[in-house]
Amino acid sequence: MAVFPWHSRNRNYKAEFASCRLEAVPLEFGDYHPLKPITDSSRKKRDKDENSIVGSDFEPWANKRGEILARYTTTEKLSINLFMGSEKGRAGTATSAMSEKVRTRLEELDDLEEGSQKELLNLTQQDYVNRIEELNQSLKDAWASDQKVKALKIVIQCSKLLSDTSVIQFYPSKFVLITDILDTFGKLVYERIFSMCVDNRNVLPDHFSPENTNDTAKETCLNWFFKIASIRELIPRFYVEASILKCNRFLSKTGISECLPRLTCMIRGIGDPLVSVYARAYLCRVGMEVAPHLKESLNKNFFDFLLTFKQIHGDTVQNQLVVQGVDLPSYLPLYSPAMDWIFQCISYHAPEVTARELQCDGHLPYCGGPYTMGPEKSTGPFHNSCGSIYTSQPS
């Protein structure tokens, strides 16, 4: 009988362990599983909470604010033109009929285009900054004295100033100053509605749901959105609604995700490419504050910008530059703060393929970068959407 030498058999313990495990079956939403309340739901909630919060690795807008104000200056005279309307005190009228509420709301907003006109001319840059800060304080004072309609009038009229590009070199700084007022308004409205949901017994958690919101708070929130929807002009209607985007949390779980695409489409109605790109930057900013995981609207804003960037070669923009004595190499860097912010929002926790798509497939225009896209930095010159090349260097 033959005798063979004995050898130990090679074993792959990882493969054997995997083959002995129970088969994993995908769990459809709504299916019962005894461990689902303990593991599945808690994991999904934790992941959702982490995705809905911007981390410390995201540079906040406050860090960019001072740099923009210091860089985009002017020695030309500026003006502020406000139609503040007459004070008729309609806000305190109590009525139960819905038709009467709607009529009153429209009358209040129509009153904005009537009444006194306040025009401030020949302002230096510092005078302009001081006047805007005074308007911001007036907004706070009006709110504190329960003059909500007056507060809304101030915000609407300040938003209208963002359609004025008469001193185009100062526009990025003007955007910073006006959006400070919008941020104040958005915070005041949100805190007001939030306070209606708090009593001596209950306090809303940080991640509350619309089910935790009482009827009074919901009605007040809807009333604000209805008032804003009645604003006739596109630019103030867009900016004021965007400033209270966070308030959608009181009404619906999907409110923010539904509003962002609609507001993105509204910007397409703004004809001036410089004005529109800053509107996109503001929408990306408020969107990142409340729903940073909703990347689709961020990307859409970028590609919409590419489609409209060719407008800089149109007669409207070219004539405007001629009148103001601004050449193209000086004009293009005005886009830089807005595009820099949009790129940061898009690239935040985005896959590397997104950066490559934006750089290669999108044909980025050079706007005074550089821009940080994922692990790499990309600098000009870039091809714009029309195929031409700009070779100006950052100032």
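A residue counts as buried here when its relative accessible area is under 20%. By that cut-off, 43% of the 395 residues in this chain are buried. Keep in mind that the model is predicted.

**The chain overall**

The chain holds 16 helices and 4 strands. Take the contacts with a separation of 6 or more: 74% of them link residues 24 or more positions apart.

**The core**

The largest nonpolar core has 98 residues, and the members touching the most others are Phe185, Tyr239 and Tyr331. What does phenylalanine 185 contact, once its neighbours within four places in sequence are left aside? The list runs to Leu139, Trp143, Leu152, Val155, Trp224, Val240, Ser243 and Ile244.

Helix H10 covers residues 255-266, and its end C-alpha atoms sit 16 Å apart. That fits, because 12 residues at 1.5 Å a residue should span 16 Å. Its buried residues are Gly255, Ile256, Cys259, Leu260, Leu263, Thr264 and Met266. These cover an arc of only 150 degrees around the axis, so they lie on the same side of H10.

Methods:
Residues numbered from 1 in each chain as written. Predicted model: local features only at pLDDT ≥ 70, side-chain atom pairs only at ≥ 80, totals over all residues. Heavy atoms only, no water. Core = buried A, V, L, I, M, F, W, Y, C linked by side-chain atoms within 4.5 Å. Buried < 20%, exposed > 50% of the residue type's maximum accessible area, 1.4 Å probe, protein only. Contact = heavy atoms within 4.5 Å. Helix = DSSP H or I, 4+ residues; strand = E, 2+ residues; numbered from the N terminus. Expected span 1.5 Å × (residues − 1). Arc of directions from axis to C-beta.
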